[in-house]
Amino acid sequence: IRPIIIDTDPGHDDAIAIMTLMAHPELVKILGFTTVAGNQSLERVTKNMLMIAELTKSRVPVVMGASKPLERELETGEHAHGSSGMDGHDLPSPARLPLKVDYLSFLRETIISSFEKVSIVALGPLTNIAGLLTRYPELGERIEEISMMGGGLSNGNITPAAEFNFYVDPEAAALVFASGVPITMSGLDVTEKAMIYPRQWEALHHGGAASRFFAQLLDFYNIASRKFGFEGSALHDLCAALWILKPDLFESAYYHVAIETRGELTRGMSLADRRRVPSLPPNARVLLDIDREGLVSYLLESLKRLDDM
Ligand code: BDR
Ligand code: CA
């Protein structure tokens, strides 16, 4: 059973990734959730995280992380996720509160007190993780892997060059890629193939609590997906979770990836050295393809488990 920390800015696809991880206690032990400003303000995404925790009866601590990127003002994902950051569902406001501790201390304590090395599933801008590795660089040794959603080797989504998470905090992404900690990057190359179509979730409106929540989220999220030219919805963050749960769904390659922090048109772009003879050794495993049908059946199976839990 792998110990993991989930760093997140929920977010429709964050919620789906989180629930899928929660459905598999035989594979992962979730040690904590840290939230980060991204899809919406820190307050809003934390509220969303607490709602997910209440729905799933999770007792894992939720800790508030960074309220803005390392060096820039926050730009949110309201265009895709709405004004709450997770619009479309009818869950009540959460009664639970986040744990009142400093997130860097929480992350440090959690990592050093784990017997086994900890993996981090990073689903938002990398502000918290970059902060951690800057403050406590020695912790890098204790991290098994960072499985992150971000970037894209051939295109962006928020700009032609950049994917949202890396665009929002490019300095943080650059620090993490330079840290030497093992990275698995689920970028748009794979996440835009992680599609689910309306006919595959319609029936879930009549399922249990987790399934209904999922179907409501997808109905909203699909409106934005259509605006961006997709018929289905790309479950971006789910890829970073599935890499931990079911890696045989993916094809991948190792590259040296650098993050652009200064470019005028290319802020936050992830640039992989794909020359035959690259000048630097690889620093990331990049997921490139996914068994889409396999993803959908694993997801539906996971929701059924949550409905029954
Ligand atoms: C990423 O940006 C957010 O909108 C999603 O939650 C995902 O993490 C996709 O570019
Ligand atoms: Ca996210």
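Reply: The shell around ligand 1 divides into 4 nonpolar, 7 polar and 4 charged residues, where Ala, Val, Leu, Ile, Met, Phe, Trp, Tyr, Cys and Pro count as nonpolar, Asp, Glu, Lys and Arg as charged, and the others, Gly among them, as polar. This is a predicted model, in which local features need pLDDT of at least 70 and side-chain atom pairs count only at pLDDT 80 or more, while totals for chains, interfaces and linings use all residues. Residues are numbered from 1 along each chain as its sequence is written, and chains are lettered from A and ligands numbered from 1 in the order in which they are written.

In total, 15 residues surround ligand 1, and the closest are Gly11, Asp13, Gly77, Phe164 and His236; a residue is near a molecule if its C-beta atom, placed from the backbone, lies within 6 Å of it. Two or more residues of this shell come from each of α1 (12–22), α6 (164–168) and α11 (236–245), the helices (H or I, at least four residues) and strands (E, at least two) being DSSP runs numbered from the N terminus.

Gly11, one of the closest residues to the ligand, is placed in the loop between β1 (2–8) and α1. The peptide bond that leads from Pro10 to Gly11 is cis, with omega near -10°.

His236, another of the closest residues, belongs to α11, where it is buried along with Asp237, Leu238, Cys239, Ala240, Ala241, Leu242, Trp243 and Ile244. A residue is buried if 20 or more other C-beta atoms lie within 10 Å of its own, exposed if 12 or fewer, and partly exposed in between, with C-beta atoms placed from the backbone. Because 9 of the 10 residues of α11 are buried, this helix is largely enclosed by the rest of the structure.

Val176 touches Leu126, Ile129, Ala130, Leu133 and Ile146, not counting residues up to four places away in sequence, and two residues are in contact if their C-beta atoms, placed from the backbone, lie within 7 Å.

Helix α2 also holds Glu54, which counts as partly exposed because it has 15 C-beta neighbours inside 10 Å. With residues up to four places away in sequence left out, Glu54 touches Pro94 and Arg96. In the loop between α2 and β3 (62–64) lies Lys57, whose phi is near 55°, a positive value in a residue other than glycine. Lys57 has 10 C-beta neighbours inside 10 Å and therefore counts as exposed.

A last point concerns a pair of helices. The axes of α4 (residues 103–112) and α5 (residues 127–135) come within 10 Å and cross at roughly 70°, axes being lines fitted to C-alpha atoms, for helices over the stretch in contact, with angles running from 0 to 180 degrees between N-to-C directions. In this contact, Tyr103, Leu104 and Leu107 in α4 meet Asn128, Gly131, Leu132 and Arg135 in α5.
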